[in-house]
2 protein chains.
Amino acid sequence: MRDFSNDHRWLSINTATVRRQKGEEVGLARIIDQCAEHGVRAISPWRDQVAAAGLDKVAAQLRAHGIGLSGYCRGGFYPAPDAAGLKAALEDNYRAIDEAKTLDAPCLVLVVGSLPGALAGKAAYTDIGRARNEVFDGIAASLEYARKVGMPLAIEPLHPMQAAERACINTLEQALDICDALDPQDSGMLGVALDVYHVWWDPKLQQQIARAGKKRLLAYHVCDWLTPTRDLLNDRGMMGDGVIELKKIRGWIEAAGYAGYSEVEIFSTQDWWQRSGEETLATCIERHRSVV
Amino acid sequence: MRDFSNDHRWLSINTATVRRQKGEEVGLARIIDQCAEHGVRAISPWRDQVAAAGLDKVAAQLRAHGIGLSGYCRGGFYPAPDAAGLKAALEDNYRAIDEAKTLDAPCLVLVVGSLPGALAGKAAYTDIGRARNEVFDGIAASLEYARKVGMPLAIEPLHPMQAAERACINTLEQALDICDALDPQDSGMLGVALDVYHVWWDPKLQQQIARAGKKRLLAYHVCDWLTPTRDLLNDRGMMGDGVIELKKIRGWIEAAGYAGYSEVEIFSTQDWWQRSGEETLATCIERHRSVV
């Protein structure tokens, strides 16, 4: 297992972690500068942040700082109540793949979506099996495009508490079953983004990480599970403040061959998004070295 | 599949559903009277409610009304930081089994526990694998006692969002693996309590229900998953108000041989616990007939 205690060369910052600082939204250009000041070598930006800052400007800024990507957030959200909606979702994913290529991302992360409309509180249908079929077809079509462009897709299984609104792929096993069906040759073009927050509870986690192997493990995200957790979405903890066995899980993925970044992704309305970006980044670095 | 539309003979009320009425705690004796007034044939009471009302008094009141149990809530919470704690938890489970017998319950429901202390916000340890081993040993010891007394144990897999605080058994597959290990003869003394709220998201749900079969399916709980869900514990919805495919899942369990009660278990601080018991019970009956 790699020794993280001496530096933070394998730390990546998902830009959602510092998208709000002292309660205020902060632009991506400023976030990239802050990461550079803290010696962060990689980030994972979100599409809306990139769109607001300008895709080409972001690409140029990253090159100027020598900062790479650990992933691009995010494609997915395939299900829709009708054919027009399914088509629009696919086209949006093609654009996301192109953007990821422009930014030289190692992978596009897919939050696949679930019951359409549920995120707004009113599901257009409740058949999660249908949503899963639409997701399967959507990934298949995206993969065809991604192969041409040369952009690997990383399916992110989301915590089951997000199964209605954000993703109907909820376990690593389920994600790997889809990978095996659509990419039986294990080409490196389809794999998973493993976020400890979503999967730490899974009794089959160790087994399925071993099954995934190096070629399927395209990204690794860390944060922590707080007790109590006060919100289903935006109450993630800083590494070390919760109950997730971070070193144990990293041991498993490294034993499976993963040697990439450890990306910090924290959504925290009440705590970290109320602090300064400097404090949050410094804490990420310190915890990366001590508890990740 | 049974027709529920004409009556509510297969409806059971988990007494937590009406434990608070118009914001006030209500005693079990009153709840039992209300259920009798509404023609409810079965309930599933909680140990703390039974203790407050008096075990023998509750048993007598149920006999007088001709009301049976669909289960007894609850044993479990096995993990502990030390041997004394493990022993105390076991002894408490033996008492729960005895109480269930006195009340003539068809099963004792087990919410198995997880990281000790996490429920109070401070986990004594974070090794969920250790908690799972302690749970396995606890169920094994409880089963030995339960066999003597003649009280089936129903393991309730809890939603993964409860994995830190309340139960480290989080999927039906995991629960059935334990059943098969401890009761390979499928004796009817060890099975599962299936609550749709905890398992509706599971991509392997249909497959694992078929695997469970009639002898392992000891109890069935219903409510609904709201979008958004505002609280990890106490924001369950009334059947029909959320996204769970209730009739589909009941179809699966009945195809597997289940022919028992459909037990309504709703924790709802902001909504149903603010209403009158009469309104809640009448709504349970109406939804049981129309959407369950």
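Reader: Which residues touch the most other members of the largest nonpolar core?

Author: In this predicted model, the largest nonpolar core holds 185 residues. In soluble globular proteins, nonpolar side chains tend to be buried together. The members that touch the most others in this core are A:L108, A:V192, B:L108 and B:V192.

Reader: Which residues does B:V192 touch, not counting residues up to four places away in sequence?

Author: B:V192 is one of the core members with the most contacts to other members. With residues up to four places away in sequence set aside, its partners are B:A154, B:I155, B:E156, B:P157, B:L172, B:A175, B:L176, B:C179, B:A212, B:R216, B:L217 and B:L218.

Reader: What rotation superposes chain A on chain B?

Author: Two copies of a chain are related by a rotation about an axis and a shift along it. Here the shift along the axis is 0.0 Å and the RMSD is 0.0 Å, for a rotation of 180°. That is the relation of a two-fold axis.

Reader: Why can the copies be said to meet through the same surface?

Author: The contact takes 25 residues from chain A and 25 residues from chain B. On the side of chain A that touches chain B, 13 are nonpolar, 8 polar and 4 charged. The copies meet through the same surface because the share of chain A interface residues that are also interface residues in chain B is 100%.

Reader: At what angle do helix α4 and helix α5 of chain B pack?

Author: Two packed helices are described by the angle between their axes and the distance between the axes. For α4(B), residues 83-102, and α5(B), residues 128-149, the axes are 10 Å apart and the angle is about 35°.

Reader: What is the handedness of the crossing of α4(B) and α5(B), and how many residues of each class make the contact?

Author: The crossing of α4(B) and α5(B) is right-handed. Residues including B:L86, B:A89 and B:Y94 of α4(B) meet residues including B:G138, B:A141 and B:Y145 of α5(B). By class, this contact has 9 nonpolar, 3 polar and 3 charged residues.

Reader: How far apart are the C-alpha atoms of A:R147 and A:V222?

Author: A:R147 lies in helix α5 of chain A and is partly exposed, with 15 other C-beta atoms within 10 Å. A:R147 and A:V222 are 75 residues apart along the chain, and their C-alpha atoms are separated by 28 Å.

Notes: Residues are numbered from 1 along each chain as its sequence is written. Chains are lettered from A and ligands numbered from 1 in the order in which they are written. This is a predicted model: local features need pLDDT of at least 70, side-chain atom pairs count only at pLDDT 80 or more; totals for chains, interfaces and linings use all residues. Copies are superposed by least squares on the C-alpha atoms of residues with pLDDT of at least 70 in both. Two residues are in contact if their C-beta atoms, placed from the backbone, lie within 7 Å. A nonpolar core is a set of buried Ala, Val, Leu, Ile, Met, Phe, Trp, Tyr and Cys residues joined through C-beta atoms within 7 Å. A residue is buried if 20 or more other C-beta atoms lie within 10 Å of its own, exposed if 12 or fewer, and partly exposed in between; C-beta atoms are placed from the backbone. Ala, Val, Leu, Ile, Met, Phe, Trp, Tyr, Cys and Pro count as nonpolar, Asp, Glu, Lys and Arg as charged, and the others, Gly among them, as polar. Axes are lines fitted to C-alpha atoms, for helices over the stretch in contact, and angles run from 0 to 180 degrees between N-to-C directions. Helices (H or I, at least four residues) and strands (E, at least two) are DSSP runs, numbered from the N terminus. A crossing is left-handed if the near helix is turned anticlockwise from the far one by less than a right angle, and right-handed if clockwise.
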